[in-house]
Amino acid sequence: MIKKDDIAIRYLFDQGDEEEESRSVYWEYHIREFSIDMDGLIHGNSTLGSAPKARSALRRFMHRLMQTPMRRLGDKYQFSAECEKQGRRIAARQGRLFNLDFLRHSLTLAMILQHIELKGPGDVNLVIGDGFGTMGSLFLEASPERKVILANLTKPLCLDLLYIRKAFPDVTIALASNKKELVDALSDNNIKVIGVQADNSGLLAEAPIGLAVNIVSMQEMDLSFVSQYFDILRQNPAAKTAFYCCNRRFKISNFEEYPWHTDDAIFENGVCEWSQIYYDLKAPFWHHRNRDKKVVWHRLGYLNKEPSSDLSHEQLKKPE
Ligand SMILES: C[S@@+](CC[C@H](N)C(=O)[O-])C[C@H]1O[C@@H](n2cnc3c(N)ncnc32)[C@H](O)[C@@H]1O
């Protein structure tokens, strides 16, 4: 029977340290460096990003102030103020600070909404490699008529679902581990969020994926797994699949080597400026990441819907 809510989360929690084929060497090492508890706290060193609990009025004020240059980057998007408000509401419900990690995701939503209407209840929004359920929660808030699917490694997926439940305690969550469970979950009006462990990501080809998002996560996967995700995005039953991809140009896998296609209809393509700046308490307080090695590139568009084995990504215009 399909696992739901507490049972699904408990199952993932218990499975968190089991072997997984979809871990890159990078994640094989890093997944063992931290543990989680059922309150969603991380113990040890995690490379998942951060969701600080300390959210005094002073901290919130300081972060809001420090975020000014990044927030301005969203001014060109019609819904950026609304997306930030939604993000702040979700962060409060999750008991976490609206930090730069959260702002990055709110800006991403604003950029997506500038180009794409997240309507059409038949289609789902897919987040590959979310962190603390941040993008998943934003989608639930911005596009409540669409189901959200989260695909992630087991331990981070457990954390994603724990955080989604903090923000949306009344929403039913299910874990799909085989084709029947996914099909049942997709047709069940009560289920709004579906978790899929990365090792079962082949199932996603059954889901009508209207929009998929991947933020600084494909960069840490082997190219073979990145290619599998692209195959799923190109072959799933939705008439159109939009994809927002935001990753370092060079890391475990390289952005330019992902299987892009010349017929992908791209709306935005360039350096992700809000990922290039961060702030801390060291003067000059705002710092730019090294432009050569650590450039984060983002691209949004509708993917050409053909099997990727027929595609040549060589011809696509590469980042300068
Ligand atoms: C650096 S974190 C990024 C978190 C968040 N998207 C952000 O922008 O802060 C990378 C994420 O990719 C996930 N990940 C790694 N390998 C994966 C795979 N094969 N399939 C799906 N997610 C994966 C990790 O578990 C983690 O959640």
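Analyst: Happy to! Let's begin with residue classes: Ala, Val, Leu, Ile, Met, Phe, Trp, Tyr, Cys and Pro count as nonpolar, Asp, Glu, Lys and Arg as charged, and the others, Gly among them, as polar. By that scheme, the shell around the ligand holds 11 nonpolar, 7 polar and 3 charged residues. Please note that this is a predicted model, where local features need pLDDT of at least 70 and side-chain atom pairs count only at pLDDT 80 or more, while totals for chains, interfaces and linings use all residues. Residues are numbered from 1 along each chain as its sequence is written.

User: Which residues come nearest to the ligand?

Analyst: A residue is near a molecule or strand if its C-beta atom, placed from the backbone, lies within 6 Å of it. Of the 21 residues around the ligand, the nearest are G49, G129, G131, P156 and S217.

User: How do I read the sheet, and what is the order of its strands?

Analyst: Strands of a sheet pair through backbone hydrogen bonds, either parallel or antiparallel. Here helices (H or I, at least four residues) and strands (E, at least two) are DSSP runs, numbered from the N terminus, and two strands pair if DSSP finds at least two bridges between them. This structure has an open sheet of 9 strands with mixed pairing, in the order 1-6-7-5-4-8-9-13-10. Strand 1 (3-4) and strand 10 (265-271) are at the edges with a single partner strand each, so one side of each has no neighbour in the sheet. Strand 1 joins strand 6 (residues 172-175) in the antiparallel sense through 2 bridges, and K3 has L175 as its bridge partner.

User: Is strand 7 buried or exposed?

Analyst: A residue is buried if 20 or more other C-beta atoms lie within 10 Å of its own, exposed if 12 or fewer, and partly exposed in between, with C-beta atoms placed from the backbone. In strand 7 (residues 191-197), 6 of the 7 residues are buried, so the strand is largely enclosed by the rest of the structure. Strand 7 runs parallel to strand 5 (residues 148-152) over 5 bridges, with A151 partnered by V196. Another 4 bridges join strand 7 to strand 6, also in parallel, and I173 stands opposite V193.

User: Which residues have the most contacts inside the largest nonpolar core?

Analyst: In soluble globular proteins, nonpolar side chains tend to be buried together. A nonpolar core is a set of buried Ala, Val, Leu, Ile, Met, Phe, Trp, Tyr and Cys residues joined through C-beta atoms within 7 Å. The largest one here has 86 residues, and L126, I149, L161 and L204 have the most contacts inside it. Leaving out residues up to four places away in sequence, I149 touches V124, L126, I194, V196, L204 and A207; contact means C-beta atoms, placed from the backbone, within 7 Å.

How values were computed: Contact = placed C-beta atoms within 7 Å.
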